[in-house]
Amino acid sequence: MNQKLNQISYGLVVVLATTLLITACVNSPPHTQALGQIDFADRCTRLAQTSMPVTLENAKSSVVSSLLIAPANGLPEHCAVKAEINRRIGIDGRTYAINLILRMPTTSWNGRFFMGGGGGTNGVLIDPVNRLKEGFATIGTDGGHDNQVHNDPQAGGTASFGVDPEARVDFAYRAYDLVTQAGKNLVKAFYQRPAEKSYFMGCSEGGREALLMSQRFPEHYDGIISGAPVLHLPLGPMSGIYTTQLFAGLAKKEGHLLANGDPAIGMTFSDKDLLLVRNAVLNACDSEDGLVDGVVDNQQACTSEKVSPHLLRMQCDGAKNDNCLSQAQIFTLKKAYAGSFNSKGTQLYTDWQWDAGVGGFDGKKFNQSWRSWWLGAHSKERNSAIKLTYATAEAVIYTTPPLLPIGAADVLNYSLNYNFDSEPIKLFITTKKYPESTGSMTFTDSPDLSQFKKHGGKLMVYHGASDSSVSVKDTLEWYMNMSRRMAGTAKEFTRMYVVPGMGHCSGGPATDSFDMLPQMMDWVEKGQAPQAVIAKASNPGYFNVVERTRPLCPFPQQARYRGFGDINESSSFSCQ
């Protein structure tokens, strides 16, 4: 299934050409002139009259609005442009377009272009305004569909865009290419000079888009930051269906049922149960990095073989209570951590990293980051696991042809009856109506980054060790494959960071608050390669302290205590 990504760009080149802007460029001062002396209100207004033809058959693209925004709410004065690419009617009769929003600061532009990645299955217009405050020209897109418009309750709700084959392609890769090119051309027209450097940053689906840029469109960005990339996109929801079956089976076995008789998946583990699992992991692995501090830095040493005996010590001698785990709980958890398999024993998705972020208590509330994906809230009222809600995406967006009808009320039944011998292949088949399988075209697992390296691009990847949405092991396997393929040159342009205790993109008992963009800019613009990234615990209460900072070390290095100094200060650690 790990098919190599098609490296061809499909030739979707966005060209900005307008007589009004050409005239403006001829009469404008040289671009060495101070930005403050330019009439940006006039330039912004002129952009609204601009057409944006693209070399895509029957495509029709245009600027929808262009308005100079006065300073407000911490944002500088800027020209806000909304535009659309390829407005059309899909096979489902609904209107589609690739929407974008571009914001260009006037006197405070730092000469850089920044695109923010999406999330989930997109459908929401991304608008990374925080980077606008820092002087970037910022851009975002909805990925080619709108969750308000494309929301058929009988076709997976917001997954219903998956019925349209062109919308699948836009979501998989095309929208981000076209939006990047359109945005850069608009920036050039507005400032009358191109952006000097371009950056892309995203997590989860946005992390997938980030890797997409380095692999399929390697010349678009100089610096790319990819967090928790869903690099085998359809397999994530599929693995969620697998864990749904496991924990639903556990719920039935132990008598945890909703009022309607459905298995109460969230009841299978209480927050106190997960705290016991956390303690078992810490007892097994915390000291493997040389310091007992509530953090498992030595991930490679924290294996199932290492953790299993400590879980068994938590097993109840008699009836289940808050101080022990049942035999069925331990068996199910170990099976879930082993990864997804079909009946023949073929592994369909990788295993998961044992890590202390599975639980946690900050003195007031329990960590919900890990349980939210596999289990959902500890409740007898309804099932709320995020993996369960993404089952509609598997059925409609990724399966060919889409499985219809399916709605929110059908996801549990669909998941419990999913056949892991016959259904996964439907993620990769094609038909006349769907000539590209969504499974293969969403993959971003190519180990060949030679063109990105040739362009001079830099890549930083990070992933939480306790991510229960996307396995950190999947990302690490890709990173190691890429390192081998690049024949020892990977360190010249890539870095990988594992964040102990962190869940999906953030959260958990971890130093989960950090910004890699400043170091990325130093790497791209000054040649200063990043080493450790200093991270701060957004909730230090998990460690019973007021504040904690730690270095995130580039893989395969790990943070090690120097032997002196406050263990809650990053300066007391080095990367080894």
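This is a predicted model: local features need pLDDT of at least 70, side-chain atom pairs count only at pLDDT 80 or more; totals for chains, interfaces and linings use all residues.
Visitor: Good to be here! How is helix 6 oriented relative to helix 9, roughly parallel or roughly antiparallel?
Guide: Happy to start there. Helix 6 covers residues 235-253, and its axis runs 10 Å from that of helix 9, at an angle of about 175°. Angles over 145 degrees count as roughly antiparallel. That makes the orientation of helix 6 to helix 9 roughly antiparallel.

Visitor: Which residues of helix 9 meet helix 6?
Guide: From the helix 6 side, the contact uses Tyr-242, Thr-243, Leu-246, Phe-247, Leu-250 and Lys-253. By class, this contact has seven nonpolar, three polar and two charged residues. On the helix 9 side, the partners are Ala-328, Gln-329, Thr-332, Leu-333, Lys-335 and Ala-336.

Visitor: Which helices do the buried residues of helix 9 pack against?
Guide: Let's begin with the buried residues themselves: Ala-328, Gln-329, Ile-330, Thr-332, Leu-333, Ala-336 and Tyr-337. Just past the end of helix 9, Gly-339 takes a positive phi of about 105°. The helices that the buried residues of helix 9 pack against are helix 6, helix 7, helix 8 and helix 10.

Visitor: And helix 8, which of its residues are buried?
Guide: Helix 8 spans residues 304-313. Its buried residues pack against helix 7 (271-285) and helix 9 (327-337). They are Val-307, Ser-308, His-310 and Leu-311.

Visitor: Is Arg-313 buried or exposed?
Guide: Arg-313 lies in helix 8. Its C-alpha is 9.1 Å from that of Leu-325, twelve residues away in sequence. The cut-off for exposed is over 50% relative accessible area. At 62% relative accessibility, Arg-313 therefore counts as exposed.

Visitor: Now for the largest pocket: which helix gives the most to its lining?
Guide: The largest pocket has a volume of about 370 Å³. Of the 29 residues that line it, Gln-299, Gln-300, Gln-353, Leu-476 and Phe-555 are the closest to its centre. Helix 8, helix 9, helix 16 (472-485) and strand 13 (549-552) each supply at least two lining residues. With five residues, the one that gives the most is helix 16.

Visitor: How many residues of that pocket lining are nonpolar, polar and charged?
Guide: Let's go through the lining of the largest pocket by class. Six of its residues are charged and seven are polar. The nonpolar residues number 16.

Visitor: What is the volume of the largest cavity?
Guide: The structure holds four cavities of 30 Å³ or more. The lining of the largest cavity includes Val-295, Asp-297, Phe-543 and Arg-550. By class, that lining has six nonpolar, one polar and two charged residues. The volume of the largest cavity is about 80 Å³.

Visitor: Is Phe-543 buried or exposed?
Guide: Phe-543 is found in the loop between strand 12 (533-536) and strand 13. Beyond its neighbours within four places in sequence, its contacts include Asp-293, Gly-294, Val-295 and Pro-509. The C-alpha atoms of Phe-543 and Gly-294 are 6.8 Å apart, although 249 residues separate them along the chain. With a relative accessible area of 12%, Phe-543 is buried.

Visitor: How many residues of helix 12 are buried?
Guide: Helix 12 takes in residues 391-398 and is mostly covered. Its buried residues, among them Glu-394 and Tyr-398, pack against helix 4, helix 6, helix 11, helix 13 and helix 14. The count of buried residues in helix 12 is eight of eight.

Visitor: Which residue does a cis peptide bond join to Pro-405?
Guide: Pro-405 is found in the loop between helix 12 and helix 13. Its cis peptide bond has an omega of about -5°. The residue joined to Pro-405 is Leu-404.

Visitor: What is the omega of the cis peptide bond between Phe-555 and Pro-556?
Guide: Pro-556 lies in the loop between strand 13 and strand 14 (559-561). A cis peptide bond joins it to Phe-555, and omega is about 10°.

Visitor: One last stop: what is the phi of Ala-487?
Guide: Ala-487 has its place in the loop between helix 16 and strand 11 (494-499). With a relative accessible area of 65%, Ala-487 is exposed. Although Ala-487 is not a glycine, its phi is positive, at about 50°.

Technical notes
Residues are numbered from 1 along each chain as its sequence is written. Side-chain values use heavy atoms; hydrogens and water are left out. Buried means under 20% relative accessible area, exposed over 50%, partly exposed in between (1.4 Å probe, protein chains only). Helices (H or I, at least four residues) and strands (E, at least two) are DSSP runs, numbered from the N terminus. Contact means heavy atoms within 4.5 Å. Axes are lines fitted to C-alpha atoms, for helices over the stretch in contact, and angles run from 0 to 180 degrees between N-to-C directions. Angles under 35 degrees count as roughly parallel, over 145 as roughly antiparallel, 65 to 115 as roughly perpendicular and the rest as oblique. Ala, Val, Leu, Ile, Met, Phe, Trp, Tyr, Cys and Pro count as nonpolar, Asp, Glu, Lys and Arg as charged, and the others, Gly among them, as polar. On a 1 Å grid over the protein atoms alone, a cavity is a set of points where a 1.4 Å probe fits but cannot get out, and a pocket is an open set with protein on both sides within 12 Å along at least five of seven lines; lining residues have an atom within 4 Å of a point. Grid points are joined across faces, edges and corners, and a volume is the space filled by probe spheres set on the points.
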